[in-house]
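My entries follow in the order in which I looked.

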Amino acid sequence: MINGQTPRQRLRITFAKGEALKYISHLDLARTWERVFRRAGLSVAYSQGFNPRPRFQIAAALPVGVTGGAEQLDVWLIELLVPEDVLSRLRPSLPSGLEVLDVREADLRAASLQSQMRAADYRAVIYSPESVEAIRIRVQALLEAPALPRRRQHKGAWQTYDLRPLVQSVVVERGQVGEHILTMRLQASPEGAGRPDAVLDALGLSLATQAIERTSLHFEFDK
Amino acid sequence: MRTKPRLHDLNVDGILDRILPTVSKPARYTGGEWNSVLKDWGACDVRWALVFPDTYEIGMSNLGLAILYDLLNRQDGVLAERVYAPWVDMEQAMRAVGLPLFSLESRRPLAEFDLVGFSLPYEQLYTNLLNMLDLACLPVLAAERDERYPLVIAGGGATYNPEPLAGFVDAFVLGEGEEVILEVTAAVREAKRQNSTREALLRRLARIQGVYVPRFYEVAYHGDGTIAKVRPKFPEAQIPVRKRIVAILPPPLTRPVVPYVDTVHNRATIEIQRGCGRGCRFCQAGMVYRPVRERPVDEILDAVDAIIANTGFEEIALLSLSSGDYSQIETLVRELVARHGERHLSISLPSLRIESVSVGLMEQLQAAGRRSSFTFAPEAATERLRGIINKPIADEDLLAVVEEVYSRGWKTIKLYFMIGHPTQTLDDVAAIAELTMRVRRVGRQVIGRKAQVNVSVSTLVPKPHTPFQWVPLADEADIRAHQEYLKENLRGPGLKLNWNSYQETLLETVLCRGDRRLGAAIHRAWQLGARFDGWSDQFKVEAWRQAFCEAGLDIGFYARRPRALDEVFPWDHIDTGVTKAYLARDYQASLRGETRLDCRERCYACGILTAFRDERAGLPANAWGCPPVEL
């Protein structure tokens with residue numbers, strides 16, 4: 001490693017991406033973190049090569065418009081710091097809409113967060129005059145369907161995929177007046193990830209959806 | 001998140017949640033960026049909407065408006081909020097739901113502000129100015145806006161000829177804004193306290209040096225359509241209206257807003273020098289931003305420390321019209337690398353003259369991060385033509401620098417040329433292709449087939465306030481032939497050629513040289529759908545053609561006509577400090593192929609020292625680039 005920049009510590013940061021940032025794309029969020037680390041004065045390790053990049057990895061991209069309640073990232077430092085100190089250095093450097101919930105040490109040699117991702121939980125708020133029962137019937141039908149062929153755009157080209165195996169569970173509950181809460185667990189692994197808006201669309205609830213939050217991520221090492 | 005009640009109680013947040021998922025890059029419209037300032041609306045009595053009438057990505061890259069935003073928000077009782085042009089999809093969505101144009105900070109409609117200040121660095125933004133006023137539910141014509149509406153102000157490079165927008169803008173602020181914007185703010189505060197009429201406020205503003213209120217002047221024309229005289233209608237209206245300068249550069253901006261979305265120049269910027277003494281004859285900035293003023297090295301270094309700590313930016317641009325001409329550029333870059341190199345700060349010098357690039361500077365830049373590309377602007381490729389435009393540089397010097405650049409890890413060199421210079425022939429154009437091929441050859445010798453040369457060839461726009469203001473825009477057939485020649489001769493691996501369409505150049509020429517009568521064509525073109533005229537994919541040539549036709553204006557009269565030396569130009573009553581007599585002398589010197597030195601070495605009496613004698617008085621002798629002269 002050049003410049004004595006051998007990573008000495010890997011920190012796992014749990015953070016929330018709130019309303020104010022929900023329209024920020026994944027790339028924009030990565031750039032924001034890079035700048036947060038620099039403002040906080042953390043000595044982030046850099047990759048080698050012609051265009052050295054700061055070493056950190058966000059576990060999973062959030063769809064634009066979706067907030068995240070417990071997102072995760074790993075960052076590699078060239079210094080050894082106490083996680084609590086990192087937390088207190090990060091806080092004043094965070095823009096509104098970004099919140100750090102937890103900082104803990106991770107094994108320097110452990111596999112990447114992305115490769116360990118298995119599933120994600122989402123919570124959608126639905127405003128609809130329909131009854132919970134009516135929506136439940138459609139949820140049941142969706143879960144019993146042998147396949148749910150859908151189309152999505154990938155690098156400009158339309159392709160067909162099956163949404164069904166990506167849906168692990170869907171539950172509907174009554175919320176406040178005129179409001180339903182739909183929670184779902186979707187596959188989110190290197191083999192494929194389900195999108196919450198696709199599930200809501202398949203249920204005919206796209207226009208009724210008021211807000212979607214990704215509430216938690218599930219990793220191989222959680223098991 | 002937002003708790004403050006709004007005057008009109010528009011549920012902007014709710015509406016945005018419905019439309020933002022349907023538009024491209026929605027984060028351009030949500031604000032809340034690091035270092036953005038949301039002041040208490042009720043605690044401020046002068047409220048500015050600062051508008052950049054192009055996309056967020058371009059507007060956020062503009063230093064001028066960022067300086068004013070910071071300056072105004074640091075004043076007690078004053079607030080400034082940002083507004084950028086919504087892209088066409090967002091405009092459509094806003095119009096569909098009846099959402100008026102709003103500011104990024106408090107999300108209030110523009111109509112609630114006291115002042116709407118437009119920054120106009122280039123002329124292709126004129127239709128966007130009209131469109132944004134309309135989108136804000138404000139009448140586009142100044143005459144139709146009474147006391148109920150905010151005052152519409154404009155400044156920036158394009159407003160050195162304010163005439164085409166005379167019917168739409170209430171007051172122009174000419175020159176450097178740092179001091180005059182506070183004077184305008186104070187006048188508005190006073191007018192609000194006294195409940196003055198709009199007319200009284202405008203008269204008050206007209207007395208401030210640098211403020212031009214077009215309705216207080218009348219223009220008389222000759223039978224041939226040229227201008228006979230511009231007359232002030234009131235004693236308050238100055239003639240000529242002299243631009244403002246700051247005698248010493250004020251402390252630099254160290255808390256710029258950090259964008260979330262990727263912008264054109266997504267980096268920190270520090271202005272190291274204002275003005276340029278080189279005197280390239282086509283260059284408006286080189287004439288209108290005089291005198292040359294340098295910022296001290298220590299001030300820059302401290303400011304960069306502060307900017308990086310305040311923003312977390314990974315790159316700093318050292319801004320100047322010619323950053324290599326900064327007298328201590330090597331020291332500065334060396335010191336920046338020493339302080340920030342370990343933390344991977346990239347340093348970029350956006351405008352380097354070939355002769356200002358030393359091996360020492362290149363070594364420093366090599367140490368300073370990403371080597372994406374190196375840009376040079378020879379502008380002409382023959383010695384003769386370089387004499388005409390006053391940008392003398394030897395091919396051998398260029399090629400020597402090119403060799404150094406390629407050998408130090410840069411793979412791409414960008415070359416900027418212009419065609420349509422006065423007296424240019426096909427030989428001069430052929431020389432562009434030859435020189436480009438020689439650059440590629442050098443690159444291949446050094447790094448083989450990885451060597452890339454990107455050539456941009458624009459067409460000379462004879463700009464107001466330059467020695468070329470008497471020159472007609474080149475003939476369309478010639479320009480097309482020259483472009484065809486270059487397309488034919490600059491193809492192959494490692495070469496990329498960019499050029500401008502003649503129609504776009506023609507429009508830019510007409511807009512920058514227009515008089516008051518042009519306003520009718522701008523108005524009509526906007527009604528016919530023209531906006532984002534600087535974007536090739538949005539440019540609507542037919543709308544403009546029809547607009548000129550309906551307004552009864554001849555494009556050739558504005559763009560293609562040779563001018564007599566004594567013709568009164570629409571912008572002659574705007575005084576940049578550089579005299580028309582000096583520009584005429586330099587134009588004539590150009591026709592004789594005479595070059596001039598950088599005026600920091602020898603004074604050619606452009607007029608700046610006479611015009612700003614008071615500002616200069618009491619400053620240290622070396623505060624400006626001007627050498628000692630007898631006045």
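Domain bounds here come from an automatic or database domain assignment. I note that this is a predicted model, in which local features need pLDDT of at least 70, side-chain atom pairs count only at pLDDT 80 or more, and totals for chains, interfaces and linings use all residues. Residues are numbered from 1 along each chain as its sequence is written, and chains are lettered from A and ligands numbered from 1 in the order in which they are written.

**Chain A, overall**

I looked up the domains of chain A and found domain 1 at 2-109 and domain 2 at 115-222. The C-alpha centres of domain 1 and domain 2 of chain A are 28 Å apart. For contacts I used the rule that the C-beta atoms of two residues, placed from the backbone, lie within 7 Å. By that rule domain 1 of chain A puts 10 residues into the contact and domain 2 of chain A puts in 12. I then sorted residues by class: Ala, Val, Leu, Ile, Met, Phe, Trp, Tyr, Cys and Pro count as nonpolar, Asp, Glu, Lys and Arg as charged, and the others, Gly among them, as polar. The side of domain 1 of chain A that touches domain 2 of chain A has 6 nonpolar, 4 polar and no charged residues.

For secondary structure I took helices (H or I, at least four residues) and strands (E, at least two) as DSSP runs, numbered from the N terminus. Chain A has 5 helices and 11 strands. The C-alpha trace of chain A spans about 60 × 35 × 35 Å along its principal axes. Among contacts in chain A with a separation of 6 or more, 74% join residues 24 or more positions apart.

I call a residue buried if 20 or more other C-beta atoms lie within 10 Å of its own, exposed if 12 or fewer, and partly exposed in between, with C-beta atoms placed from the backbone. Of the 223 residues of chain A, 31% are buried.

**Phe221(A)**

Is Phe221(A) buried or exposed? Phe221(A) is exposed, because 12 other C-beta atoms lie within 10 Å. Phe221(A) sits in the segment after strand E11 (209-219) of chain A. From Phe221(A) to Met117(A) I read 8.9 Å between C-alpha atoms, for 104 residues of sequence.

**Chain A against chain B**

I checked the contact between the chains and found 21 residues from chain A and 22 residues from chain B. The side of chain B that touches chain A comprises 12 nonpolar, 5 polar and 5 charged residues.

**Domains of chain B**

The assignment for chain B gives domain 1 (12-242) and domain 2 (350-358 + 367-573). Their C-alpha centres are separated by 30 Å. Domain 1 of chain B gives 28 residues to the contact and domain 2 of chain B gives 25. On the domain 1 side, helix H5 (126-135) and strand E8 (227-232) of chain B are the elements that give two or more residues. H5(B) gives the most, with 5 residues. By class, that side has 18 nonpolar, 8 polar and 2 charged residues.

**A sheet in chain B**

I counted two strands as paired if DSSP finds at least two bridges between them. In chain B there is an open sheet of 3 strands in the order E10-E13-E14, with parallel pairing. Strands E10 (268-271) and E14 (346-348) of chain B are at the edges with a single partner strand each, so one side of each has no neighbour in the sheet.

E10(B) pairs with strand E13 (residues 315-319) of chain B over 4 bridges. In E13(B), Ala317(B) is the bridge partner of Thr269(B), and Leu319(B) is that of Glu271(B). E13(B) and E14(B) pair over 3 bridges, and Ile316(B) stands opposite Ile347(B) in E14(B).

**Helix H14(B)**

I followed helix H14 (residues 426-447) of chain B, which has 22 residues. The expected span of a helix is 1.5 Å times one less than its number of residues. From first to last C-alpha H14(B) reaches 32 Å, close to the 32 Å expected. Its buried residues include Val429(B), Ile432(B), Leu435(B) and Val439(B). Among the elements that cover the buried residues of H14(B) are helix H13 (395-407), strand E16 (412-419) and helix H15 (476-489) of chain B. Just after H14(B), Gly448(B) has a positive phi of about 75°.
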